[in-house]
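Reader: I have a model open and want to learn how to read it. Where do we start?

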Amino acid sequence: MRSELRSLGKKKYRLILVYLIAGLLFVSIIVGSSTWYGQRAQAKRKRNVIFMVSDGFGPASETYARTYFQATQALEHPYGYQLPLDKLLVGSSRTQSSSSLVTDSAAGATAFSCALKSYNGAVGVDPDQKPCGTVLEAAKARGMNTGLVVTSRITHATPAAFSAHVTGRDSESRIAEQQMGEYALGRQVDLLFGGGKCFFLPNETNDGCRLDGRDLWSQYQEEGWATLDTREGFDTLEPTGASLPLMGLFALDHMSYELDRDPKEQPALHEMTHKALEILGAESRQEETGFFLLIEGSRIDMAAHDNDPAAHVHDIAEYQRTVEVVKAFVDSHPETVMISVSDHETGGLTLGMQPGKEYPEYIWYPEVIQRVQNSSWAVGQALSRVDGGVKAKRAALIHSLLPESLGISDATDEEIAFLVDPEQGDIDIEFYLGRMVSRRANVGWTTHGHTGVDVNLYAYGMEAEALRGNHDNTDLGIFVSRFLGLDLPSITDKLNQIILYGWSHG
Ligand SMILES: *[C@@H]1O[C@H](CO)[C@@H](O)[C@H](O)[C@H]1NC(C)=O
Ligand SMILES: *[C@@H]1O[C@H](CO)[C@@H](O)[C@H](O)[C@H]1NC(C)=O
């Protein structure tokens with residue numbers, strides 16, 4: 001009995017030993033393979049960031065666009081309708097720069113791209129005017145594909161701050177060179193869609209606006225860039241066979257306001273975005289890398305500078321269409337995060353405005369804006385082309401431009417007098433026209449410039465929840481950097497090891 005028990009005890013002991021050894025083996029295999037797996041997953045990790053900037057789009061503009069569409073398209077957009085962005089709201093972003101409580105687009109974009117505060121006018125440089133590595137460059141260093149899709153000149157502040165380093169945003173000739181790869185890091189951008197071809201053309205040609213006689217467009221075409229500058233070329237571009245690097249610039253200057261855009265001449269922002277996502281998506285699928293894509297609704301801001309409510313709302317609507325395209329991409333590519341944020345508010349827009357002493361009527365009139373057919377800028381251009389002096393201009397205004405283009409049939413003598421002879425006033429004609437429409441719609445603006453209010457922050461997709469709350473604009477650069485596992489300081493080091501030629505003049 002006893003020996004039986006003892007031998008049972010021995011057996012048990014041996015059994016436990018066997019289990020222990022087996023268990024240790026098992027655990028070590030699991031730990032080993034998971035480390036191995038982790039490393040592999042890290043190396044092959046394919047993640048995409050789609051960073052959308054709605055330039056100059058404040059919280060009031062979101063309300064404005066939503067209620068405009070509710071009021072003017074009540075059938076499609078009944079009470080309770082939300083814009084695509086409304087559904088992606090996660091928080092807000094603080095916007096001040098290192099030099100001012102009111103940022104400009106260059107410092108605003110540098111906060112996103114380099115994750116640091118810089119001064120107004122800074123493009124990819126820190127407050128000491130030293131170049132700072134951007135998330136686009138750091139993504140490239142990780143083997144990812146990169147792209148810029150905008151409606152401004154591609155050399156304008158926002159896209160420039162991700163892809164160039166100059167001490168002042170006006171150095172657009174230099175920015176164009178850097179975007180082609182003429183700087184310390186070499187070429188970083190794989191795909192560029194937007195306007196601003198003139199900064200790639202020599203100064204002494206009609207279409208060129210460079211400061212020198214270089215023809216970057218032809219030079220880089222010869223060096224292997226795929227180039228496009230027509231609607232037809234855009235339409236026939238097959239996303240699967242597209243070769244990178246690829247540059248499509250569809251206007252010499254900024255692309256048109258959505259309100260003025262001729263679809264036979266220029267693609268819309270959502271179309272450029274769709275094509276860019278197809279191209280970068282296919283490319284990164286093949287190469288098992290992810291991509292970083294910047295998309296900017298650039299001209300929402302410019303319409304607000306003009307205090308032009310109609311051009312503003314139509315560019316916002318086009319941006320919202322673009323958001324839907326991006327959201328659909330995220331839905332089918334779950335390893336992606338999209339962020340949408342503004343660099344700052346522009347115009348100080350308010351809905352409801354009545355000067356005067358009487359108790360105000362609480363109302364604004366979307367239908368006034370619905371009657372507008374052209375941007376104030378386009379009307380100003382048309383007016384400047386009218387020959388025949390004051391009399392001819394007056395006739396053009398009263399009989400066609402104001403009623404047909406702006407839906408205004410009650411212009412006052414004072415307004416007409418200003419418009420036929422704008423020299424007498426101290427504001428630009430497109431500003432004045434924008435204000436004429438705004439006054440009639442009871443829509444107010446406090447400025448032709450930017451304001452310092454917080455802007456809305458929207459995000460969707462992988463880890464989007466991490467952006468909940470109120471953030472500094474620089475936090476968005478930090479988020480992208482962490483999400484993709486980027487090393488911004490090493491890029492900054494590389495940029496500062498090499499003295500950039502032409503640096504002093506930007
Ligand atoms: C054009 O650029 C060349 C240098 O490439 C310069 O010599 C010339 O003065 C420029 N012309 C104008 C009109 O700016
Ligand atoms: C206004 O838009 C219409 C329709 O797109 C266009 O035919 C017309 O030429 C434009 N007018 C101006 C002044 O730009």
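Author: Start with the shell of ligand 1, sorted by class: one nonpolar, two polar and two charged residues. Ala, Val, Leu, Ile, Met, Phe, Trp, Tyr, Cys and Pro count as nonpolar, Asp, Glu, Lys and Arg as charged, and the others, Gly among them, as polar. Note that this is a predicted model: local features need pLDDT of at least 70, side-chain atom pairs count only at pLDDT 80 or more, and totals for chains, interfaces and linings use all residues. Residues are numbered from 1 along each chain as its sequence is written, chains are lettered from A and ligands numbered from 1 in the order in which they are written, and side-chain values use heavy atoms, with hydrogens and water left out.

Reader: Which residues are around ligand 1?

Author: A residue is near a molecule if one of its heavy atoms lies within 4 Å of it. Here that gives N203, E204, L211, D212 and G213.

Reader: How do I read the polar contacts of a ligand?

Author: Look for pairs of N or O atoms within 3.5 Å; within protein, one must be able to donate a hydrogen and the other to accept it, and residues adjacent in sequence count only if both atoms are side-chain atoms. The side chain of N203 has an N or O atom 2.4 Å from an oxygen atom of ligand 1. G213 uses a polar backbone atom, 2.9 Å from a ligand oxygen. Of the 360 Å² of accessible area that ligand 1 has on its own, the protein covers 35%. Such areas come from the Shrake-Rupley method with a 1.4 Å probe; for residues, only the protein chains shown count as cover.

Reader: Is T451 buried or exposed?

Author: Buried means under 20% relative accessible area, exposed over 50%, partly exposed in between (1.4 Å probe, protein chains only). T451 counts as buried because its relative accessibility is 13%. T451 sits in strand β12 (residues 450-451). Its side chain makes a polar contact with the side chain of E345, at 2.7 Å.

Conventions:
Helices (H or I, at least four residues) and strands (E, at least two) are DSSP runs, numbered from the N terminus.
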